[in-house]
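This note collects comments on selected helices, loops and contacts. Please read the points below with the sequence and structure at hand.

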Number of protein chains: 2
Amino acid sequence: MRMMTNKRTSGRAKRVVIALGGNAILQRGQKGTYEEQMKNVMETARQIAEIIERGYEVVITHGNGPQVGALLLQMDAGQQLYGIPAQPMDVAGAMTQGQIGYMIQQALKNELDARGIKRNVVTVVTQTLVSADDPAFQNPSKPVGPFYDEETAKKLAKEKGWVVVEDAGRGWRRVVPSPDPKALVEAEAIQNLVENGFIVIASGGGGIPVVNVNGRLEGREAVIDKDLAGERLAETVKAEVFMILTDVNGAAINYGKPNERWLGRVTLEEMRRYYEEGHFKRGSMGPKVLAAMRFVEWGGERAIIAALDRGADALEGKTGTQVVAR
Amino acid sequence: MRMMTNKRTSGRAKRVVIALGGNAILQRGQKGTYEEQMKNVMETARQIAEIIERGYEVVITHGNGPQVGALLLQMDAGQQLYGIPAQPMDVAGAMTQGQIGYMIQQALKNELDARGIKRNVVTVVTQTLVSADDPAFQNPSKPVGPFYDEETAKKLAKEKGWVVVEDAGRGWRRVVPSPDPKALVEAEAIQNLVENGFIVIASGGGGIPVVNVNGRLEGREAVIDKDLAGERLAETVKAEVFMILTDVNGAAINYGKPNERWLGRVTLEEMRRYYEEGHFKRGSMGPKVLAAMRFVEWGGERAIIAALDRGADALEGKTGTQVVAR
């Protein structure tokens, strides 16, 4: 694998959009207390500060799966116990942007201050535009919220217009569309902040899904993949590098089979072949690989998929999967 | 009352920070459904767009009382029914910033677009710095969250270190400190966006309370008055006018008495006398008047207290209470 450095003889520092996976905030088996989450976020902030210290300009996005899942359950419980109306999913998504953005911006600012790096961190509440004609709206597939018995599920489906499906023996659950992100509504604000040296946290949880209906934005109850939205963020800020940090150190072909092979440096063409051959799991590594390919197709220098704690080394080309044009 | 206009022979448009009261989002007697809240927010957006159309530069802050109250109950219910750990109040505050910021930024953008005004609206997740030595931390007084029976309340107090008090026959309730806001942590990002023509929503719900502990920011379970925080926002963006919109059209002396008198144009000195004479209710009109006085003391041209639907006229000096230096 080719070594890369961030040294440049001229021009601005390399700009990297970092898409943080759920494990950056909450780890498998944890309950989701504030203390657990803040501890993880502080460790993540150290990783990001390390990258900033090496001279990169950083823009951050993050997942929100466990947090929005918890919030939907809390809203369901609040309705049952106290009769408080549950908010729709777009609002719940906006709430988790505030929640996680706050934790990251505080922890990262503290970490940067401790290192004597005078930079400000700011979270932008972000709406992500999707097409009202996206076929996902006709085929909701992403399970969200609590499990119900069949009767309750069907009653809710009737009352609220939900689509519900049976989830392999665990009960019934609501499914929502997962449309493809087209653009970030707050693009100009994000660009402005990034150009002025702020470290921006944006499109958290894939952004709040909105559609344009006769010139007006409207929220939709849907879930946008955070890596695909992160790729739009990388386009928005004209990043050189788009880096997806997750719980595995890259993408593998023949994953879990005897001939499994982890990918290092790989061209767009090669990656597209693997993708079309079905090597990457839908709803898991699939969208990450798709997002990485999109970024390089758009004109990005490099897209990286790596483990959270290997981010700094992956940026220098030392580890992880590195997708390049050729 | 002197007529005022926003026509200026030179320089930039007048900048006004608008602090929206709870009624801008949820009205008394409403349950808090998304539909109710969005309808109110759309009406508020029309008021604000009218002000922007008249040539003012607008920066927005808002309360979050009913929303954070609902969220604390939802978290309590989520803990009881599903065992989901409740998040602390600073996180809950951050969540409502995402929630309300999203609704306002979407509704206002739609309203501006419909009027052919090409401006972007953006919500900045805002931490508000308070002093760790603020006497409020020794004297928590602001009731939050659900009512409990005495036994449960005392158990929770012991387990979680809460202060609980009996609330006039309605049961026991947690009380939290309401410290005085000193500064907004995200001040530079807010300034940058405002200077570049963005309509910024910031310090929602008074901002997320943080203290500086040996150079590190840490969240605190507290509630910051949104008008006092809004005044810091007005200082931050060097506003000419700070306008508090609420459910009454100004401040009154001898409120509710036969000799009640609503205040129109009033000097800082006069207002301070009324304030010290105890004309304004603590936790209600009191902090609004205090915030208005602070703004004029700081050097602001005018601070206004007016009804939500009278904002545009109040800005032109036609209605509401107008606090001026002399």
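The numbered points below begin with conventions and then turn to individual elements.

1. This is a predicted model, in which local features need pLDDT of at least 70 and side-chain atom pairs count only at pLDDT 80 or more, whereas totals for chains, interfaces and linings use all residues. Residues are numbered from 1 along each chain as its sequence is written, chains are lettered from A and ligands numbered from 1 in the order in which they are written, and side-chain values use heavy atoms, with hydrogens and water left out.

2. Helix H2 of chain A covers residues 65-82; helices (H or I, at least four residues) and strands (E, at least two) are DSSP runs, numbered from the N terminus. At 1.5 Å a residue, the 18 residues of H2(A) should span 26 Å, and the end C-alpha atoms are 25 Å apart, which agrees. The expected span is 1.5 Å times one less than the number of residues. H2(A) is followed by A:Gly83, whose phi is positive, near 70°.

3. The buried residues of H2(A) include A:Leu71, A:Leu72, A:Leu73 and A:Met75, where buried means under 20% relative accessible area, exposed over 50% and partly exposed in between (1.4 Å probe, protein chains only). Within chain A, the buried residues of H2(A) pack against helix H1 (34-53), helix H3 (89-114) and strand S5 (142-148). In chain B, their partners are helix H2 (65-82) and helix H3 (89-114).

4. In chain B, the axes of helix H1 (residues 34-53) and H3(B) come within 8 Å and cross at roughly 50°. That angle makes H1(B) oblique to H3(B). Axes are lines fitted to C-alpha atoms, for helices over the stretch in contact, and angles run from 0 to 180 degrees between N-to-C directions. Angles under 35 degrees count as roughly parallel, over 145 as roughly antiparallel, 65 to 115 as roughly perpendicular and the rest as oblique.

5. Helix H5 (residues 187-195) of chain B contains B:Asn192. This residue counts as buried because its relative accessibility is 12%. Leaving aside residues up to four places away in sequence, B:Asn192 touches A:Asn192, A:Leu193, A:Asn196 and A:Phe198; contact means heavy atoms within 4.5 Å.

6. Most residues other than glycine have a negative phi. B:Asn214, although not a glycine, has a positive phi of about 50°. B:Asn214 lies in the loop between strands S10 (208-213) and S11 (216-219) of chain B, and counts as exposed at 79% relative accessibility.
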